[in-house]
Amino acid sequence: MPLRFAPDITTAETEYGTVLLDQRNGDYWELNPTGTLVIRTLLEGGEQSDAVDAVIAAFDIDRSQAAQDVTALIDLLQTSGLTV
């Protein structure tokens, strides 16, 4: 499930992660390095399982926790209306 942000969402990577701006209402979202890795993987066409694998490879975390974290982030982005 590759990720695509809504047209009014802009992103900027920083040294601390990624900032998302919802231009419709001015809300900012700040993602930590883990969240940045997840969205980068999905924006590049990866599937959810690819994002889980990337998190496991980059951080000292077990598969179950990585899968929960990736799912939670994707759900939050979707329910917040940031993705299409």
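**View 1. Surroundings of Val70 in the predicted model.** Leaving aside residues up to four places away in sequence, Val70 touches Val38, Gln48, Ala51, Val52 and Val55; contact means heavy atoms within 4.5 Å. This is a predicted model, in which local features need pLDDT of at least 70 and side-chain atom pairs count only at pLDDT 80 or more, while totals for chains, interfaces and linings use all residues. Residues are numbered from 1 along each chain as its sequence is written, and side-chain values use heavy atoms, with hydrogens and water left out.

**View 2. The largest nonpolar core.** Among its 20 residues, those that touch the most other members are Phe5, Leu20, Val38, Ile39, Val70 and Leu77. At least two residues of this core come from each of α1 (33-43), α2 (48-58) and α3 (63-79), and α3 gives the most, with five residues. A nonpolar core is a set of buried Ala, Val, Leu, Ile, Met, Phe, Trp, Tyr and Cys residues joined through side-chain atoms within 4.5 Å. Buried means under 20% relative accessible area, exposed over 50% and partly exposed in between (1.4 Å probe, protein chains only).

**View 3. Thr83 in the segment after α3**. Thr83 counts as buried because its relative accessibility is 15%. Not counting residues up to four places away in sequence, Thr83 touches Leu3, Arg4, Phe5, Ala6, Leu77 and Gln78.

**View 4. The hairpin of β2 and β3**. Strands β2 (residues 17-22) and β3 (residues 27-31) pair in the antiparallel sense over five bridges. Leu20 has Trp29 in β3 as its bridge partner. Four residues lie between the strands, and Gly26 takes a positive phi near 80°. Two strands pair if DSSP finds at least two bridges between them; helices (H or I, at least four residues) and strands (E, at least two) are DSSP runs, numbered from the N terminus.
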